[in-house]
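Open the model in your viewer and keep the selection panel at hand. The stops below say what to select and what is found there.

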Amino acid sequence: MLQDTDRLLGTVEQVLKASEVRQRSTRKNWTEVDFAKLVGESVEVARTRHRLKPEELYLENAPGDGILVRGNSEELRTLVLNLFDNAVKYSDEQKDIAVEIKTPTLDTISLSVHDNGTGIPKGELKRIFRRFYRAQSEKQNK
């Protein structure tokens, strides 16, 4: 019951945040955010939330703090946690989720989440960027 309540609360929070984002200027609340620190903290939150061991969800080749981006820290945190939640949700029973931050150029940051999940069916790829769209996993279809 607690898991269902947490899931429902998360969905309600996402709906409220999406509505809030639509109502205001997108760059209005931007500040300098330490992205590496935010991702590291999000890994810890996701581990706790899903009761995972450090070897099940980990930061690979962790860069030091100081990878700065301009943005809304709450929105960035929500986005990163959503990626981690999806990696956990759609992974196999034996979790192996590696998170990696790269800076290939001075003005580019890459966040990769590698898991052992089934992936997104090719026909669903264009739809995943629609608001509140959820692709059906093969586990759900069985």
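A search of the whole structure finds three salt bridges, a salt bridge being a side-chain nitrogen of Lys or Arg within 4 Å of a carboxyl oxygen of Asp or Glu. This is a predicted model, in which local features need pLDDT of at least 70 and side-chain atom pairs count only at pLDDT 80 or more, while totals for chains, interfaces and linings use all residues. Residues are numbered from 1 along each chain as its sequence is written, and side-chain values use heavy atoms, with hydrogens and water left out.

**The salt bridges**

Select E41 and R77, whose side chains meet in a salt bridge at 3.3 Å, N to O. E41 lies in helix 2 and R77 in helix 3, so this pair ties together parts that are 36 residues apart in sequence. Helices (H or I, at least four residues) and strands (E, at least two) are DSSP runs, numbered from the N terminus. E41 has a relative accessible area of 33% and is partly exposed; R77, at 24%, is also partly exposed. The cut-offs are under 20% relative accessible area for buried, over 50% for exposed, and partly exposed in between (1.4 Å probe, protein chains only).

Next, select D85 and R49, a salt bridge whose closest N and O atoms are 2.7 Å apart. This pair also links distant parts of the chain, with D85 in helix 3 and R49 in helix 2, 36 residues apart. R49 is partly exposed, with a relative accessible area of 42%.

Now select R47 and E44, where the closest N and O atoms of the salt bridge are 2.7 Å apart. R47 and E44 are three residues apart in helix 2 and therefore separated by about one helical turn. Is R47 buried or exposed? R47 counts as buried, at 14% relative accessibility, whereas E44 is partly exposed at 43%. Leaving aside neighbours within four places in sequence, R47 is in contact (heavy atoms within 4.5 Å) with L52, K53, P54, L57 and Y58.

**Helix 2**

Select residues 35-50. Helix 2 has 16 residues and reaches 22 Å from its first C-alpha to its last, close to the expected 22 Å, which is 1.5 Å times one less than the number of residues. At its start, a side-chain oxygen of D34 comes to within 3.3 Å of the backbone nitrogen of A36. After the helix comes R51, with a positive phi near 55°.

Colour F35, A36, L38, V39, S42, V43, A46 and R47, which are buried. The buried residues of helix 2 pack against several elements, including strand 1 (31-34), helix 3 (73-89) and strand 4 (97-105).

**The core**

Select F35, V39, L57, V80, F84 and V99, which touch the most other members among the 19 residues of the largest nonpolar core. Such a core is a set of buried Ala, Val, Leu, Ile, Met, Phe, Trp, Tyr and Cys residues joined through side-chain atoms within 4.5 Å. Helix 2 gives the most to this core, with six residues. Not counting residues up to four places away in sequence, F35 touches I67, V69, V80, I109 and L111.

**A loop residue**

Finish at N72, in the loop between strand 3 and helix 3. N72 counts as buried, at 11% relative accessibility, and its side chain reaches the backbone nitrogen of E75 at 3.0 Å.

Key. A polar contact is a pair of N or O atoms within 3.5 Å; within protein, one must be able to donate a hydrogen and the other to accept it, and residues adjacent in sequence count only if both atoms are side-chain atoms.
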